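Let's take a walk through this structure together, from the whole chain down to single residues.

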Protein chains: 2
Amino acid sequence: MIPVAEALERILSALIPAPAETVSLPEGWGRVLARPVLARVTQPPADVSAMDGYALRAADAAAGARLRVIGSAPAGHPFAGAVGLGEAVRIFTGGAVPPGADSILLQEDATAGDGLVTPTEAAQKGRHIRRAGLDFAAGDAVLEAGRRLSARDIGLAAAANHPWLHVHRRPRIGVLATGDEIALPGDPIPPGGIVSSNAHALAALVRASGGEPVVLPIATDDRDAIAAAAEAAARCDLLLTTGGASVGEHDLVQSALAPQGFSLDFWKIAMRPGKPLIWGDLRGTPMLGLPGNPVSALVCAVIFLIPALRRLSGLPAGPVETRTALLGRDMPANDRRQDYVRAELARAADGTLTATPLAVQDSSMLAALARAGALVVRPPHAPAAPAGCSIEIVDLSSLGV
Amino acid sequence: MIPVAEALERILSALIPAPAETVSLPEGWGRVLARPVLARVTQPPADVSAMDGYALRAADAAAGARLRVIGSAPAGHPFAGAVGLGEAVRIFTGGAVPPGADSILLQEDATAGDGLVTPTEAAQKGRHIRRAGLDFAAGDAVLEAGRRLSARDIGLAAAANHPWLHVHRRPRIGVLATGDEIALPGDPIPPGGIVSSNAHALAALVRASGGEPVVLPIATDDRDAIAAAAEAAARCDLLLTTGGASVGEHDLVQSALAPQGFSLDFWKIAMRPGKPLIWGDLRGTPMLGLPGNPVSALVCAVIFLIPALRRLSGLPAGPVETRTALLGRDMPANDRRQDYVRAELARAADGTLTATPLAVQDSSMLAALARAGALVVRPPHAPAAPAGCSIEIVDLSSLGV
């Protein structure tokens with residue numbers, strides 16, 4: 001059994017980011033930049049007014065002075081002339097400051113009429129003017145490669161005049177569920193069988209992490225069926241299987257794929273749930289074999305697949321993020337396996353999070369997992385933890401899982 | 001000027017959730033359930049083994065006893081007979097426990113050969129058996145209406161045998177940018193003009209919150225153009241405008257729309273940035289008019305549009321969630337407007353968040369906003385806050401904004 005951190009390290013070191021593709025600006029949200037975005041314009045392009053008011057020379061504009069309004073400068077309609085002695089130009093937010101003017105008098109600090117404006121407060125030189133390039137200058141790298149684009153970033157790329165973005169292709173993840181006992185939802189259920197849930201839960205997790213799932217037809221517990229299904233994964237960036245990862249006689253994934261050129265890296269991890277986890281390479285396609293129990297499959301996917309998806313997406317990769325919460329009940333000391341304990345997560349009015357482990361931790365219980373908002377992380381040999389202590393958790397909902 | 005909380009209350013009370021549509025299970029991730037999901041099957045459907053081993057009668061299985069192996073029960077292949085005195089059935093995880101058996105002997109607690117199995121540890125009655133219905137029973141409401149579906153939920157709906165889900169339609173949000181000075185990215189920029197960023201930043205925010213943006217062609221600062229563009233919003237669940245919300249002569253949205261049947265609810269909010277914000281109704285379509293400054297537009301969208309989108313999506317609606325962080329520098333006392341201060345967010349190795357307000361808070365600065373991960377919330381008349389104190393923030397990245 002190898003430790004979780006070493007397993008993750010071996011997985012990440014085998015993966016490289018998917019290549020770039022060009023998408024339109026609106027498609028860029030949530031995608032990861034493959035190239036930096038360099039500003040193609042300067043913003044603002046010239047000195048502009050930050051407020052509605054009058055552009056004038058501060059030296060002319062003592063309180064009570066009378067200035068002649070010689071024109072106007074709305075945003076997008078620069079005034080054609082210059083502001084001279086005793087003159088003012090009506091200006092609006094975003095309007096270009098005309099040559100000669102060195103200050104903006106706020107409209108609420110003035111009285112106007114008959115082509116004249118009178119300051120009620122003296123104007124101050126340089127006030128309420130946004131200088132050219134205040135936000136960014138042409139050529140500035142406004143967004144770095146390797147960044148997942150937020151709505152703010154999309155606005156910034158737009159302002160920098162980019163109708164197209166170069167982003168990493170979404171990693172394509174083949175999802176192969178195996179087992180004689182499973183049927184797709186709504187399909188006839190074989191005697192003694194159950195409805196397949198892993199493939200679609202994992203596909204949703206792949207989507208939540210920015211990947212593109214390819215759900216392969218279920219393979220029965222039969223060497224030929226598994227080998228044929230895995231063949232379909234040749235054009236995927238990663239093949240995910242569920243079921244068949246442990247050592248029972250009916251765990252066939254490893255034995256079915258060995259003749260297909262599968263090369264195993266490791267398959268036993270010191271964690272709970274999920275000890276039997278396959279990691280290897282199927283003729284150039286990285287392969288992650290998850291346990292068949294739905295809870296084990298999802299927990300292993302959170303711990304290993306989400307970081308793998310980030311790496312394939314071009315993001316900086318490392319362990320899935322954790323945060324701290326208060327423990328809602330006493331926990332016993334842990335053994336040598338890293339434990340991920342399903343817990344209900346409650347948020348108090350003051351923002352304090354409390355994670356209370358569920359009484360039953362059976363790895364087949366999907367309804368309990370859906371109710372649980374978090375996994376409490378218990379390192380190997382962690383001592384007993386009393387209720388109320390601070391504890392490390394993975395917040396599942398914030399991951400879309 | 002009305003307080004932020006009252007403005008939000010008036011916005012939310014005017015909105016109703018979008019009606020339901022039917023989507024396939026894989027499309028359900030991130031959508032909001034319009035009806036509860038009732039389990040159509042019992043899970044597990046019968047008593048099944050939780051481990052690989054032997055199904056037998058505990059009373060027969062003292063250490064050293066010899067039991068006859070009469071068959072096997074892999075998952076999906078129930079054993080056809082019953083387990084009698086001195087008999088055992090080879091069983092695998094998920095396999096149905098045959099009639100007569102009352103315990104599972106783990107394979108690592110047994111030696112087997114020649115059609116016989118010998119316990120090395122005594123079996124215990126009821127051990128390693130998952131009872132029928134342990135996870136859920138047919139008819140149980142496993143997922144409630146009004147819930148945004150996580151990957152776990154998709155797995156649970158699958159296990160409950162639902163190939164289809166009934167979810168709220170994504171709210172359709174018309175996005176109308178106004179202004180003579182703006183051009184789409186890559187299009188020719190008029191003299192004195194800038195590149196339009198608001199519409200696409202807001203469209204990305206709509207997408208991040210589960211809505212469907214409809215980006216309308218830019219309307220020039222002209223009553224007819226704005227009126228015609230707004231007409232296009234008749235089939236949207238909400239019309240969003242940017243620009244033209246304040247009182248300057250070139251702020252036309254209100255005056256252009258009044259003859260079209262626009263009824264104003266309010267338009268001045270005690271907040272910064274973003275005081276001029278229009279809320280009203282355009283012949284049955286709710287309309288939110290955001291300021292034209294990109295930072296003001298995005299901050300107002302976070303505070304008002306995200307909760308509005310949640311309400312339209314069928315989620316429980318309320319203020320956008322905040323959390324606490326340590327303040328990275330001293331802040332002065334606040335005036336009567338609620339302030340949303342752009343701040344860089346840093347996370348220490350121990351998980352502590354520190355929010356450090358940017359030195360320049362100009363509401364035109366998109367590059368600074370993109371760098372800032374958070375808004376520090378400063379209520380009206382908040383006293384001066386020293387560096388190191390605990391402060392309320394909105395974490396923009398966690399919202400996809």
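Which residues on the other side of α4(A) are exposed? They are A:Asp224 and A:Glu231, where exposed means that 12 or fewer other C-beta atoms, placed from the backbone, lie within 10 Å of a residue's own, while buried means 20 or more and partly exposed covers what is in between. This is a predicted model, in which local features need pLDDT of at least 70, side-chain atom pairs count only at pLDDT 80 or more, and totals for chains, interfaces and linings use all residues. Residues are numbered from 1 along each chain as its sequence is written, and chains are lettered from A and ligands numbered from 1 in the order in which they are written.

Back to helix α4 of chain A, residues 223-231: here A:Ile226, A:Ala229 and A:Ala230 are buried. They cover an arc of only 100° around the axis, which puts them on the same side of the helix; the arc is that of the directions from the helix axis to the C-beta atoms. Their cover includes β13, β17, α5 and β20 of chain A, with contact meaning backbone-placed C-beta atoms within 7 Å. Helices (H or I, at least four residues) and strands (E, at least two) are DSSP runs, numbered from the N terminus.

Now look at strand β9 of chain B, residues 116-119. Four bridges join β9(B) to the antiparallel β8(B), and strands pair if DSSP finds at least two bridges between them. B:Gly113 has B:Leu116 as its bridge partner. In this hairpin, B:Asp114 takes a positive phi near 55°.

Key: Contact = placed C-beta atoms within 7 Å.
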